[in-house]
Amino acid sequence: MKQKLVVVGNGMAGARAVEEVLARGGADMFDVVMFGDEPYGNYNRILLSNILSGIQDPTDIFMNPLEWYVDNDIVLHAGERIVEIDRAAKAVRSDKGTIEHYDVLLIATGSRAFIPPVKGIFDGERLRDGVFGFRTIDDCTAIIESATRCARAVVIGGGLLGLEAARGLLNHGCEVHVVHLGRHLMEAQLDQPGGQMLRAGMEKMGVNVHLEKSTTEILLDPDGKITGIAFKDGSTLECDMIVVSAGIRPNSEIGLAAGLTVERAIVVNNHMQSIDDRRVYVVGECAQHRGKVYGLVAPLWEQAKVFAEHVTDRNADAAYHGSKLATKLKVMGVELASMGITEPEHVHDELIQFTEPAKGTYKKLIVRDGRLVGGILMGDISKAAYLMQAFDRESPLPEERLSLLFDIGAPAQAVTIDEMPDDNQVCNCNGVTKSAIGACIGSGLRSSTAVMKATRAGMGCGSCKKLVGEVVDFFCGGAAEEDPSIHYYVPTIPLKKPELVAAVLEKGLRSVSSVFRELGGGVEDPIAKPALASLLATIWAAEYEDERDARFINDRVHGNIQKDGSFSVIPEMPGGVCTPDELMRIATVAVKYDVPLVKLTGGQRIDLVGIAKDDLPAVWSELDMPAGSAWGKSYRTCKSCIGDSYCRFGLGDSMGLAHKLEKRFRGIDSPAKLKLATAGCPRNCSEALVKDVGAVAIGDGRWEIYLGGAAGAHIRKGDLLTVVDSEEAVIALSGRFMQYYRENAKWKERTYDFVPRIGLEKIRAIVVDDAEGMAAVLDARMQASVDGAYDPWKEAITPKTANQFASLVPVDLEA
Amino acid sequence: MSSQELGPEHDIGPVQQIPIGEGRNFRIGTMTVAVFHTHAGQIYATQAECPHKRGPLADGLIGGTTLICPLHERAFSLETGEEAGTDCRLAVYPARITAGARIAVRIPG
């Protein structure tokens with residue numbers, strides 16, 4: 001036996017609620033009856049301003065035409081208003097005398113335009129001829145009809161709807177004035193400067209704006225026709241029609257008459273039920289939830305969903321928890337989005353803003369605890385979708401705040417996670433889709449770390465880790481949990497890097513196994529071994545006890561492992577320079593060992609790819625060149641252009657400087673690889689602006705030093721640290737920066753993340769100005785590392801471990 | 001390897017052939033086996049290539065009884081061969097240190 005669901009109100013809320021019920025199989029549970037006092041099917045009220053401006057026809061904005069009701073077996077009483085709810089009898093009665101019994105009642109009567117108490121605004125019970133509300137299709141038609149005959153129209157109310165109405169009226173040939181009580185337009189959504197810029201924008205379009213005007217009277221001629229309006233300050237404004245858009249009033253009288261608790265609107269609990277009667281639900285603008293009445297559409301969608309989940313028993317715990325307000329203004333010629341608060345409220349609130357009045361661009365964001373709590377975007381709203389989502393979900397913001405306002409460097413995030421298709425790959429290395437991550441959350445995982453472990457997402461090149469975090473957060477509804485271990489240097493030892501360094505020094509731990517034993521509870525985490533080895537090498541330099549098993553295979557055999565288990569051999573070639581003799585030796589070795597591929601690398605070196613592990617010592621010996629350090633988390637190489645030795649544009653000896661840098665820093669361990677470049681002039685042929693450290697000659701012996709550039713998985717232009725006047729100063733400051741980076745960066749944190757995280761100002765203070773008095777210590781520690789460095793290819797002669805280069809140990813089974 | 005009968009133990013030489021904390025490949029007859037020597041002093045033997053993309057497991061990192069493939073960081077148990085969170089598993093072979101600090105491994109056949 002089906003129950004009967006009666007819906008009072010056929011607006012966006014009522015119809016959406018019914019759609020949500022039907023989507024949950026509600027047609028088998030309920031006979032649905034709807035009452036709407038307008039003689040139409042349901043339409044999208046938000047688009048009324050488009051009707052007014054003539055962009056759309058009324059037929060364009062219908063969401064559910066009358067056939068929809070027929071197709072879904074919904075009985076629609078259009079043009080009938082409910083005048084009584086008899087809760088004892090569980091029945092409603094319309095103004096036309098229709099009586100319907102209900103098992104469940106949904107009140108979705110919405111709201112109406114608030115008409116302020118102004119003398120002469122009413123003619124008896126009705127609005128005076130020439131005075132219009134702006135809430136329905138009928139209002140729109142009447143306004144348009146009147147506007148074509150009028151010379152001057154006044155809109156009372158400079159809020160969102162009032163401005164939309166004013167813009168629409170312009171298209172009908174009359175002069176348009178907006179009168180507003182407040183000190184600036186849209187004060188619910190804008191601050192003072194934003195309001196001023198909006199006013200300038202509206203006036204440029206031809207809408208006259210009058211602020212701080214309190215309307216007291218409608219002025220009439222002896223025939224009762226409108227001639228103007230009068231204000232409290234004694235001034236008047238001529239006009240022949242008036243549109244009132246001074247806010248809305250919930251249509252909650254029906255609830256009051258039925259004995260339901262009504263404050264500003266009908267009061268509901270978290271299930272959207274009246275607090276007095278569990279058979280009566282209320283959604284939309286006539287509902288008051290936790291003291292709030294919402295006039296925007298997004299909250300209404302959420303409420304309709306909660307109602308449907310609950311009434312169909314899909315989820316007896318379905319609960320609405322209130323909405324965060326964000327909106328876009330739909331006024332042709334004005335781009336405006338607003339969310340949350342408009343001014344900082346706490347001392348620690350971060351204010352980020354940008355103004356360009358000539359272009360009408362204004363951007364203001366308020367960040368609290370790394371989350372967006374308010375924002376205004378005017379003129380350029382390209383970041384609105386991303387920001388509104390971040391606001392709504394309270395997701396963490398990127399540390400580079402500038403990227404919140406503008407798309408810099410990285411390609412624009414074209415789709416929000418909301419819009420991302422389910423089968424979209426989030427992690428390309430391991431083929432993990434958005435829906436696969438969703439499935440993990442569905443099975444109970446709550447942190448990025450757990451999801452990455454389960455799916456391997458983010459564990460390839462790592463460049464998608466941030467996106468994985470965002471997708472996890474999306475599926476957790478903004479409530480992803482943070483794994484505390486992400487702050488540790490390695491997950492199994494609960495110490496941040498500075499704490500770990502202090503403990504290592506205090507206990508004098510010189511080997512990875514001793515760190516596991518003393519600080520890690522004896523647990524040997526294989527993934528943590530290389531991270532700890534790198535740190536200990538940095539701390540102890542020559543005193544580091546090098547347990548080779550703690551090193552990744554590349555660092556055990558000093559080459560880069562390839563997909564077939566072979567290795568690449570890249571000899572040192574500072575600045576991309578070698579002698580003809582060296583070149584011939586390389587060729588001879590390549591022929592002798594039948595090297596499958598000889599390749600020039602991005603770092604201006606020659607790569608012999610595909611060497612068997614067993615051949616490595618012989619290859620190195622025959623090359624008789626130092627190792628190029630092309631395999632590890634270490635200083636890698638310094639690229640260079642020709643510089644002033646030959647280039648007619650050269651301003652400095654870039655090749656010579658590259659040589660000096662490489663000879664000094666080669667093979668130095670670091671948290672992630674360090675790629676350098678020197679350029680002989682600002683043409684930057686060697687791409688020094690996108691290197692971890694780059695030096696650019698600018699003439700007269702002077703060099704610019706850039707830090708934190710990248711052109712790999714991330715693109716970032718380096719930050720200009722300073723300008724120095726000698727090669728020696730480039731070497732000294734580069735070394736000091738690299739040492740600071742070695743001591744403070746997280747494992748695998750490239751300089752393009754490290755520099756913005758620490759902040760260029762702070763780095764400059766430490767490295768250039770020595771403001772913290774650390775320079776001498778940093779220099780000394782770097783010197784110790786330089787002194788402790790050795791050419792690992794010398795292990796060709798004296799291997800470090802048993803069978804170090806044996807791909808196979810033969811067994812004599814007869815023995 | 002449960003379906004295949006294991007043969008007798010093979011002596012593959014002194015334990016010093018494998019540095020502590022590392023692995024090496026050994027050729028036993030026609031078969032290549034990866035053998036590991038842990039910090040706890042245990043010996044483990046597994047198939048030589050990773051079932052994912054044939055990575056050389058003997059070049060992997062080990063910690064405790066976990067083995068990480070050097071190519072794509074797949075993690076396997078040295079004791080059971082199981083990869084955490086998947087159905088994938090390595091073949092593992094009984095191995096021990098015998099008197100005289102030599103390594104003995106049993107392989108199928």
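1. A:Ser447 touches A:Val472, A:Glu481 and A:Asp483, leaving aside residues up to four places away in sequence; contact here means heavy atoms within 4.5 Å. A:Ser447 sits in the loop between helix H11 (434–442) and helix H12 (448–455) of chain A, helices being DSSP runs (H or I, at least four residues) numbered from the N terminus. Its C-alpha atom is 5.8 Å from that of A:Glu482, 35 residues apart along the chain. Why does A:Ser447 count as buried? Because its relative accessibility is 12%, and buried means under 20% relative accessible area (1.4 Å probe, protein chains only).

2. Keep in mind that this is a predicted model: local features need pLDDT of at least 70, side-chain atom pairs count only at pLDDT 80 or more, and totals for chains, interfaces and linings use all residues. Residues are numbered from 1 along each chain as its sequence is written, chains are lettered from A and ligands numbered from 1 in the order written, and side-chain values use heavy atoms, with hydrogens and water left out.

3. On to the A–B interface. Chain A and chain B bury about 2,700 Å² between them, 54% of it on carbon and sulfur atoms; that is accessible area (1.4 Å probe) lost on being put together, summed over both. Chain A puts 30 residues into the contact and chain B 34 residues.

4. The rule finds 2 salt bridges across this interface (a side-chain nitrogen of Lys or Arg within 4 Å of a carboxyl oxygen of Asp or Glu). A:Lys613 and B:Asp59 meet in a salt bridge at 2.5 Å, N to O.

Definitions and conventions. Helix = DSSP H or I, 4+ residues; strand = E, 2+ residues; numbered from the N terminus. Buried < 20%, exposed > 50% of the residue type's maximum accessible area, 1.4 Å probe, protein only. Buried area = accessible area lost by both parts, 1.4 Å probe.
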